[in-house]
Amino acid sequence: MQPILEVKDVLKKYSDKIALDHVSLTIPKGTIYGLLGPNGAGKTSLIRIINQITYPDSGQILLDGETLNLHHIRDIGYMPEERGLYKTMKVGEQAMYLAQLKGLSKAEAKKQLDYWFDKLDIKGWWNKKIQELSKGMAQKIQFVVTVLHQPKLLIFDEPFSGFDPVNANLIKDEILELKEKGATIIFSTHRMESVEEMCDYIALINKSQKLIEGKLVDVKREFRTNLYQVGVLTDDIQRLMVQLSQKFKMEQTSFKSLNNELQLEIDLGSAMPNELLHLLSANGQVTHFMEKLPTVNDIFIQTVSK
Amino acid sequence: MSILSLIVKREFIAKVRNKSFIIMTFVSPLFFVALAVVIGYLSSLKADVKQIAVHDESGWFVSQFESDEIYNYQDLSAVDVKMLKENVLEEKYNGLIYIPQSDDIKEYENKVTYISNDSPSLGFVTQIESLIAGKITHVNLENKGIDAKQIEEAQAKVNLNLEKASGESTVKGLNEIKILIGSLFGYCIMMFIIIYGSMVMRSVIEEKTNRIIEVIISSVKPFQLMMGKIIGTSIAGLLQFIIWGVVGGVLLFIASSVLGMNASSPAVSAEMLQQNGEASAQIISEVQNYVGEILSLPLASLFTYFLIFFIGGYFLYSSLYAAIGAAVDNETDTQQFLFPVMLPLMLGVYIGFVTVINDPHGTIATVFSMIPFTSPIVMLMRLPFGVPIWQVLLSITLLFGTFIMVVWFASKIYRIGILMYGKRPSWKELYKWLKY
C-alpha cells in the first residue's frame with residue numbers, strides 16, 4: 001500500500017546550523033508513527049515543513065503520492081507543542097473560525113463541531129470564552145479543532161504534555177478511534193511510555209539525522225539483548241549456579257513474584273532458549289521465564305548516547 | 001468565503017468587540033467635546049478687571065488711557081506717588097503708570113515707568129508704549145506746524161489682490177484654509193498610523209503570547225494572516241474614525257446650541273471686528289467668499305489622493321508594525337524597534353508643518369513629498385496648493401513600490417519571528433531572518 005507520507009532526503013538549514021540533515025522517512029497509511037528524538041533534534045523543524053509552515057532547502061515531501069502543496073493543508077491536522085487559543089474569543093466562534101480556515105464550509109464546520117462537542121460532552125461551552133475555561137478544558141477544545149476537519153494525517157507534537165491523566169486517557173482513546181477510522185497519526189515526543197503503548201512505527205532523530213526507522217517490533221527485535229529473566233525454585237542452589245555459569249553469563253536480579261525463588265538474569269548469547277530451560281527444569285521448578293525486551297527508552301538512550 | 005476575508009472578518013470583530021475599543025470609540029468624542037466646551041467656557045469668561053493707577057505729572061498723556069473690559073485706568077495724578085507705590089505693594093492697584101514732569105516732550109520716550117508686583121504681559125507693554133508714542137508723535141507734528149488730522153486723513157490702507165496665473169481671483173485667507181485642509185489630512189494619517197499600527201502590533205504579539213500562532217499558520221500563509229490583520233484593523237479604525245466624526249459633530253452641535261455659543265465664531269468674529277474694524281456685512285460676504293473658494297478647490301481629487309496616500313502610508317507603516325510585533329515577545333521589547341519607525345513619521349509631520357506652510361513648492365517640501373516614508377503626510381499637505389500631476393504620480397509610484405518591498409521584507413521577518421520565542425532579537429538577527 002502506498003504510504004501516506006514520504007519524506008525524501010530533506011535538508012533544512014538555518015543560517016548557522018543544520019536542522020535536518022538529509023532526512024528520509026516513510027509513514028504508512030493507518031498507523032501511529034512515533035517521531036522520537038531529544039529536544040532540539042529537528043522533530044519540530046520536520047513537522048513544520050510537513051505543515052508547510054517552513055520549506056526545506058532541498059528534498060521532497062509526498063503526501064498520498066503527490067508533491068506537498070497548499071491543497072494538502074486540508075488533509076493535515078496539527079496540534080503543535082506550543083498550543084494556544086484566542087483567549088478572548090468564544091469557544092464556538094473560535095472553533096468555527098479555525099475550521100473554516102482549514103477550508104470547511106460553515107455548515108460542515110457546524111456539523112463536525114456538534115458531533116465532537118457532543119462526543120466529548122462539552123456542549124455547554126459554546127458561548128464561553130477560552131479564558132473562562134480551565135487548562136484541561138481548553139486542551140479538549142484544542143484537540144477538537146485539530147481533528148474536526150477530518151484530516152487524513154494527524155500530527156501531534158508532544159500530545160500528552162500538560163494533559164491531566166484523565167484527559168490524556170480520553171485523548172488517547174480518541175486518537176486510537178481515529179486510527180480505527182483510517183487516519184494516520186504522527187506522534188512527536190520524547191516521552192517514551194506513550195510511544196511504547198500506542199505506536200506501530202517509530203523513527204528516531206538525533207542531531208538532525210535519522211538514526212532508526214521501522215516497525216516498533218522490528219526495531220525492538222534489532223535491539224534485542226537475548227537477556228532472559230528466570231525464576232527457579234531449587235533445593236540445591238550451589239549446583240545450579242555452577243552448571244549455569246559453565247554455559248552462560250548471568251547475574252542476580254529481582255522481579256515481583258509470589259514465590260521465594262532464585263531470580264536471575266541470564267545472557268543467552270548464541271544459545272537457544274530451550275537449552276536454558278532444560279538446564280533449569282532439570283534442577284528445579286521453573287516459575288518464571290521471560291525474554292527481557294528492550295524498552296523504547298532503552299533503545300532511545302542507547303542510540304542517542306552512541 | 002476566501003481565507004483572507006475570513007481573517008479580515010475575525011480581526012475586525014475581535015477589535016470591535018474589545019471593551020477598550022468600544023469605550024474609546026464613544027468616550028473620546030465626549031471627552032473632546034467636553035474639553036472644547038470647557039475651553040470655550042473659560043475663554044468666554046471675563047478676565048478680572050485690572051485696576052491701573054495713572055500718575056501723570058505732565059498732564060499730556062492721562063487722557064490717552066481709556067478704560068476697557070480688562071484695564072481700568074484711574075487718573076490719580078493728584079495723589080502722591082509714594083503713596084500710590086505703597087498701594088501697589090498692598091495690591092490695591094495692579095499697577096501704576098508713572099509719568100514725571102518734564103519740559104521737553106522728547107524726554108518722555110524714556111521717562112515713563114510702569115510699576116507693578118508681577119511683570120506685565122507683553123501685549124500690555126506694547127499697548128502702553130504705542131499710546132505714549134502716539135501722543136508724542138502727535139505733539140511733535142503739531143510743534144512743527146503740521147495738522148495731525150491731515151496726516152490721519154492722508155494715511156492709506158492697502159489690500160493686495162491675489163490672482164492665480166490661470167485667471168481665477170482668490171481670497172487672501174485661502175492659503176490658511178489650504179494649510180488647514182492639508183494639515184488635517186496629514187495629521188489624520190499620522191494619528192491613524194500610530195493608533196492602528198500599534199494595534200496591529202499588539203494583535204501580533206497577542207497571537208504569539210497566546211501561542212495560537214502555530215495553529216493558525218498551519219492553516220494559512222503568514223502573509224495572508226499579516227495582511228488580514230492589517231486590513232481588518234484598518235476597517236475597524238475607519239469605523240472608529242467615522243463614529244468619532246459623527247458623534248463628535250452631533251455632540252458639538254448639541255453643546256453649541258444648548259450653551260448658545262458657537263464654539264469658534266464669537267471669538268473669531270470679534271477679533272475680525274477689532275482688527276479690521278470692518279462692518280459685519282463685509283465679514284459675511286468674506287465668509288461666503290471663503291466657502292466659495294473651498295468649494296472651488298478640487299475637493300473630489302483631493303479626497304481621492306487622500307485615500308490613495310492614506311492606504312499606501314498606512315499599509316507601509318502597519319506592515320512594519322506587524323514585523324516588529326512578530327520579532328518580540330512582549331510590548332516592552334518593542335521600543336528599540338519602534339523608534340526608527342516613528343522617526344520618519346515625526347519628520348514628515350515636522351516638515352509638513354514647518355516647510356510646506358512656508359514654501360509648499362520648495363526643494364525640501366518637494367523632496368520629502370517624494371520619499372515614501374514621509375510622502376503620505378508631506379504630499380497631502382502640499383496637495384491643496386496645487387502640485388504638478390507628474391510629481392503626484394511619481395510620489396504614488398514610489399510609495400506603492402516601497403510598500404510592496406517593505407511588505408515583502410516585513411512578511412519575511414513576520415514569518416520567522418512569529419515562531420521565535422525567548423530572547424529579544426538584535427538587528428543583526430533580524431537581518432539574518434531576511435535570508436532564511
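Trainee: Before we look at anything, what is a salt bridge?

Mentor: A salt bridge is a side-chain nitrogen of Lys or Arg within 4 Å of a carboxyl oxygen of Asp or Glu. Please also keep in mind that this is a predicted model.

Trainee: Understood. Which residue does Arg48(A) meet in a salt bridge?

Mentor: The partner of Arg48(A) is Glu214(B), with 2.9 Å from N to O. That distance falls within the 4 Å of the definition.

Trainee: And why does that pair join two chains?

Mentor: Arg48(A) sits in helix α1 of chain A, while Glu214(B) sits in helix α7 (residues 213-217) of chain B, so the pair links two chains.

Trainee: How many salt bridges are there between chain A and chain B?

Mentor: The count between these chains is two. Glu93(A) also forms one, with Arg17(B), where the closest N and O atoms are 3.1 Å apart. Over all chains, a search of the whole structure finds 24 salt bridges.

Trainee: What about polar contacts between the two chains, how many residue pairs?

Mentor: Nine residue pairs are in polar contact between chain A and chain B, counting pairs with both residues at pLDDT 80 or more.

Trainee: Which helices of chain A supply residues to that side?

Mentor: Both α1 (43-50) and α2 (91-101) of chain A supply at least two residues each to the side that touches chain B. The largest share, six residues, comes from α2(A).

Trainee: And how do the residues on that side divide by type?

Mentor: On the side of chain A that touches chain B, 13 residues are nonpolar, nine are polar and eight are charged.

Trainee: How many residues does each chain bring to the contact?

Mentor: Chain A brings 30 residues and chain B brings 24 residues. Together the chains bury about 2600 Å², with 55% of this on carbon and sulfur atoms. In chain A, the residues that lose the most area to chain B are Ile53(A), Tyr86(A) and Leu101(A), which together make up 25% of what that side buries.

Trainee: Changing topic: where in chain B does UniProt place a "transmembrane region"?

Mentor: The unreviewed UniProt entry annotates residues 21-42, 184-205, 294-317, 337-357 and 389-410 of chain B in this way.

Trainee: Helix or strand, for residues 184-205 of chain B?

Mentor: That span is 100% helix and 0% strand, and its end C-alpha atoms are 31 Å apart. Residues 337-357 of chain B are likewise 100% helix and 0% strand, with end C-alpha atoms 31 Å apart.

Trainee: Last one: into which domains is chain A divided?

Mentor: Chain A is divided into domain 1 (5-221) and domain 2 (225-293). The centres of these domains, taken over C-alpha atoms, are separated by 45 Å.

Notes
Residues are numbered from 1 along each chain as its sequence is written. Chains are lettered from A and ligands numbered from 1 in the order in which they are written. This is a predicted model: local features need pLDDT of at least 70, side-chain atom pairs count only at pLDDT 80 or more; totals for chains, interfaces and linings use all residues. Side-chain values use heavy atoms; hydrogens and water are left out. Contact means heavy atoms within 4.5 Å. Buried area is the accessible area (1.4 Å probe) that two parts lose on being put together, summed over both. A polar contact is a pair of N or O atoms within 3.5 Å; within protein, one must be able to donate a hydrogen and the other to accept it, and residues adjacent in sequence count only if both atoms are side-chain atoms. Helices (H or I, at least four residues) and strands (E, at least two) are DSSP runs, numbered from the N terminus. Ala, Val, Leu, Ile, Met, Phe, Trp, Tyr, Cys and Pro count as nonpolar, Asp, Glu, Lys and Arg as charged, and the others, Gly among them, as polar. UniProt positions are given in the numbering used here, feature names are shortened, and annotations may be inferred rather than shown by experiment. Domain bounds come from an automatic or database domain assignment.
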